[in-house]
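Subject: Handing over the structure

Dear colleague,

I am passing this structure on to you, and my notes follow below it. Please look through the sequence and the model before you read them.

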Amino acid sequence: MAQFDQGFVEKVRSAVDIVDIIGRDIKLTQRGKNFVGLCPFHDEKTASFNVSRENQLYYCFGCGSGGNIFNYLMNARHLSFPEAVQTLAEEVGIPLPNISPRQREQAAKAQQLQELNRLAAQYYYRTLRSNLGEQARNYLVQRAIDERLARHFYIGFAPDSWDGLIRFLQENTELPLELAVEAGLVIKGKNGYYDRFRNRVMFPICDLNQRFIGFGGRIIGSGNPKYLNTPETLLFQKGKSLYGLNWSKDSIKHNDYIVLVEGYTDCISLYAKGVTNTAASLGTAFTEHHARLISRLTENVVFAFDSDSAGMKATERGLSILVDAGLNVKVASLPENQDPDTFARTNSAREVAAWIESAVPYLEYQINTAAAQFDINSLEGKIKAAKEIVSILSKVESAIVRAEYSNYAANLLSIEQDVIIEELRQASGSLEAEEKVGTQSRNSHITSQNRYTIKDLHTKHHDSDFGSDQTEAIEACVMRLVITNPGLIDQMVRIGLDADSFSNADYRYLFNLLQADAWDKQGEATADQLLSEPEPPGNWSEYLQLFRENVWFRSINSIEEKLSLMENHREPDVLLQFCQLLKRYAEVRREIFLVKSKS
Ligand SMILES: [Zn+2]
């Protein structure tokens, strides 16, 4: 995906009218200066979705979604920021900038590979429903996959033949077989070309735009390997794709969580029992790309799996990646010898729903798993379990969360919470000591202004009375974390934050650069400065909360100022904007209150 500089983004933004674009999706009626309609993001009968032509913004009083035209496209069509810019540019006919001949060539090739995948999907689909597909159809019946399900997931069959697909492609396209090799459909051997997938039930894998990018094939009967995926190609990288997401994205948005499983059949069986917000990893641990893909749709993940699944360590690393990317991860595990596929097939929809409901936060799951390794009824087992749990908790950044779970662990082991806290204190004490030795000299120039910890930030401002020092410190923490983890940008944009949310001009500039995936001297200087400070001690979501609160506080301040200047002729638009901000402010305050009241 191409990246765009801010100039191009502005050019596209100013070339369209938000009222026209949104007006194509929903019916808008003019009311005063604004346009109103039924919100596309929540169910409603009376219109609370406002679009302002003057400000080129939209806002829904019902569900609080709002932003500019790019936010709208990202939400309505599940696009990333660059995709939203590109889509809009193409719609209004603005040529995309800076496309090198090589990029153009790659784009053309990607289209050809897509065409070949589309034809292959068609071939497999037809073959399953032909005479050749009888054995495969029987297999699907055994797996409780009826024709309705098979159609929904576009399931097909690759017959036990060396050139079935090859002949179909030759009859239906001019594209050379060499390209089918690049698409991973055909293999070139010593004696010529042959089909990669033979005697396999075929599960097509699509991108979010419903284009076929690869396949997973399950052998019929015995044979190896049992599962065979399309190899890595220009279109298909398993670290960047999730099976089923194209079919489940709307349900994921609607339910505001995703159920992640490990296999196609898990995904399909859960779908059959009404869990339609499901997607599967393709035999790989979760990656940062997966996290970004998911965070476009929701922040909430339930990972459903069998506890004795192979490679649990790798899975746990993958889950940590999702957690680090700011997603709320819960785990719904199953007793040994059960997998989600079998469980879903042999239980009622209600039982399946109850199982998903029973998911526990990832940290709680880790603590439970640690405790289960030992006999916690014996003193020795208790000590060992406590040590293990302390090592898990010492990695948790938020003091609030640490306190909550040390309480949980103490109950689990039936010991005093003080014991865990003391162990934690010792563990973190020794960690800090190690850190000090390493970083003391390097960071001796740190200004006191940048030394705010989360605790300072909470206590030094009372009730939103942010001083400029606090603003600077919060922005520095947020920017510092964004530099080392640009994946957080999408998350910020999704909740309506952008470069303009920063009061510091250097950070605004740097944020724009990072968002456009660009780089220059000025940005580098700002980044260097920030990176020379120690890593902020709090966790991302806490900083993000404070940052949001700070942004709204400043906005409201400036609007209050505006309002006081025109006391006698308050324009409805300004009032509307003020109400919007006030409402969002109240929401953020409520969230923060919830976080604080937990401690
Ligand atoms: Zn709404």
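Arginine 129 lies over the face of tyrosine 125, at 3.7 Å from the ring centre, where a charge counts as sitting over a ring if NZ of Lys or CZ of Arg is within 6 Å of the ring centre and within 35 degrees of the ring normal. Another such contact involves arginine 218, whose charged end sits over the ring of tyrosine 227 at 5.7 Å from its centre.

Before going further, please keep in mind that this is a predicted model, in which local features need pLDDT of at least 70 and side-chain atom pairs count only at pLDDT 80 or more, while totals for chains, interfaces and linings use all residues. Residues are numbered from 1 along each chain as its sequence is written, and side-chain values use heavy atoms, with hydrogens and water left out.

The aromatic residues

Tyrosine 227 also belongs to an aromatic cluster, which it forms together with Phe153, Phe203, Tyr243, Trp247, Tyr264 and Tyr271. Rings of Phe, Tyr and Trp (its six-membered ring) pair if their centres lie within 6.5 Å, and planes under 30 degrees apart count as stacked, over 60 as edge-to-face and the rest as tilted. A search of the whole structure finds 30 aromatic pairs. One of them is formed by phenylalanine 41 and tyrosine 58, whose ring centres are 6.3 Å apart and whose planes stand at 40°, so the pair is tilted. Phenylalanine 41 lies in the loop between strand 2 and strand 3, and tyrosine 58 lies in strand 4, so the pair ties together parts that are 17 residues apart in sequence; strands here are DSSP runs (E, at least two residues), numbered from the N terminus.

For the accessibility of these residues, buried means under 20% relative accessible area, exposed over 50%, and partly exposed in between (1.4 Å probe, protein chains only). Phenylalanine 41 is partly exposed, because its relative accessible area is 25%, whereas tyrosine 58, at 2%, is buried. The rings of phenylalanine 502 and tyrosine 507 have their centres 6.2 Å apart and their planes at 80°, so this pair is edge-to-face. Phenylalanine 502 is buried, with a relative accessible area of 1%, and tyrosine 507 is buried too, with a value of 6%.

The zinc site and the cysteines

The zinc ion is coordinated by Cys39 (SG), His42 (ND1), Cys60 (SG) and Cys63 (SG), at 2.1 to 2.3 Å. Donors are N, O and S atoms within 2.8 Å of the metal (3.2 Å for Na, K and Ca), and since water is not among the atoms, sites may look incomplete. The angles that the four donor atoms subtend around the zinc ion are 102 to 117°, which makes the arrangement tetrahedral, a term that applies to four donors if all angles lie between 85 and 135 degrees. In sequence, the donor residues of the zinc ion follow the spacing C-x2-H-x17-C-x2-C. Cysteine 39, in the loop between strand 2 (34–37) and strand 3 (49–52), and cysteine 63, in the loop between strand 4 (57–60) and strand 5 (66–67), are 24 residues apart, and this pair links distant parts of the chain.

Cysteine 39 is buried at a relative accessible area of 7%, and cysteine 60 is buried at 0%, while cysteine 63 is partly exposed at 33%. A search of the whole structure finds zero disulfides, a disulfide being a pair of cysteine sulfur atoms within 2.5 Å.

Five strands form an open sheet in the order 1-2-3-4-5, with antiparallel pairing, where two strands pair if DSSP finds at least two bridges between them. Strand 1 (29–31) and strand 5 are the edge strands, and each pairs on one side only. Strand 4 and strand 5 pair in the antiparallel sense over two bridges, and tyrosine 59 stands opposite glycine 66 in strand 5.

Strand 7 (residues 186–189) and strand 8 (residues 192–195) run antiparallel and are joined by four bridges, with a hairpin connecting them through two residues. Isoleucine 187 stands opposite tyrosine 194 in strand 8.

Strand 14 (residues 300–306) is mostly covered, as six of its seven residues are buried. Strand 14 runs parallel to strand 12 (residues 258–261), to which three bridges join it, and seven bridges join strand 14 to strand 15 (residues 328–334), also in parallel. Alanine 304 stands opposite alanine 332 in strand 15.

With best wishes

Key:
Tetrahedral: all angles 85-135°; square planar, octahedral: opposite > 155°, others 65-115°.
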